[in-house]
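Ready for some practice with aromatic rings and surfaces? Take a look at the structure, then work through the exercises one step at a time.

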Amino acid sequence: MSTGLAVVLNFYFLYVVGLLAFWFKDGTYARMLCNGLMTLFSGRQIPLWFYPASLYAVCRVLPFRFMVYEPAAILLGQYNIGEALGVAGIQMGWIVVFWAGERMLWRKVQRQIEVQGG
């Protein structure tokens with residue numbers, strides 16, 4: 001369940017960032033920023049327990065660890081069922097936050113879309 005929620009959460013995060021391309025006219029730098037944030041804060045390349053306490057505190061507030069680290073930790077059996085359900089609840093909360101952000105941005109995009117080219 002957590003892995004499925006991680007996929008949905010990752011989708012909504014990237015979708016919200018993709019919607020920003022309507023204002024920036026180019027999604028290259030936003031994509032680079034997303035990859036950097038995911039690499040640093042998700043535990044994708046370096047497990048979060050290796051981080052110093054100050055950087056780990058930052059990781060705990062951001063949604064990136066719920067896209068990679070937490071589902072992997074659940075699959076590896078590091079959490080009991082109660083903790084795993086707590087992680088799933090937080091993932092659902094982040095999904096709602098990004099869904100609401102997506103709805104808001106989509107309404108703004110529809111009002112001020114600008115077509116370029118011929």
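**Exercise 1: Aromatic pairs**

Searching the whole structure, a predicted model, turns up 8 aromatic pairs. Which geometry does the pair of phenylalanine 11 and tyrosine 12 have?

*Solution.* Start with the centres of the two rings: phenylalanine 11 and tyrosine 12 are 5.3 Å apart, centre to centre. A pair needs centres within 6.5 Å. Next, take the planes, which make an angle of 65°. Angles over 60 degrees count as edge-to-face, and that is the geometry of this pair.

Now try tryptophan 49 and phenylalanine 50: how is this pair classed? Their centres are 5.9 Å apart and their planes 50° apart, so the pair is tilted.

**Exercise 2: A surface patch**

Which residues make the nonpolar surface patch of about 540 Å², and where is valine 115 found?

*Solution.* First, list the members: Phe22, Trp23, Phe24, Ile113 and Val115. Then locate valine 115, which sits in the segment after α6 (81-111). Finally, check the accessibility of valine 115: with a relative accessible area of 72%, this residue is exposed.

Note on methods. Residues are numbered from 1 along each chain as its sequence is written. This is a predicted model: local features need pLDDT of at least 70, side-chain atom pairs count only at pLDDT 80 or more; totals for chains, interfaces and linings use all residues. Side-chain values use heavy atoms; hydrogens and water are left out. Rings of Phe, Tyr and Trp (its six-membered ring) pair if their centres lie within 6.5 Å; planes under 30 degrees apart count as stacked, over 60 as edge-to-face and the rest as tilted. Patches are made of residues with over 30% relative accessible area and no salt bridge: like charges are joined within 9 Å, nonpolar side chains (Val, Leu, Ile, Met, Phe, Trp, Tyr) within 5 Å. Accessible areas come from the Shrake-Rupley method with a 1.4 Å probe; for residues, only the protein chains shown count as cover. A salt bridge is a side-chain nitrogen of Lys or Arg within 4 Å of a carboxyl oxygen of Asp or Glu. Helices (H or I, at least four residues) and strands (E, at least two) are DSSP runs, numbered from the N terminus. Buried means under 20% relative accessible area, exposed over 50%, partly exposed in between (1.4 Å probe, protein chains only).
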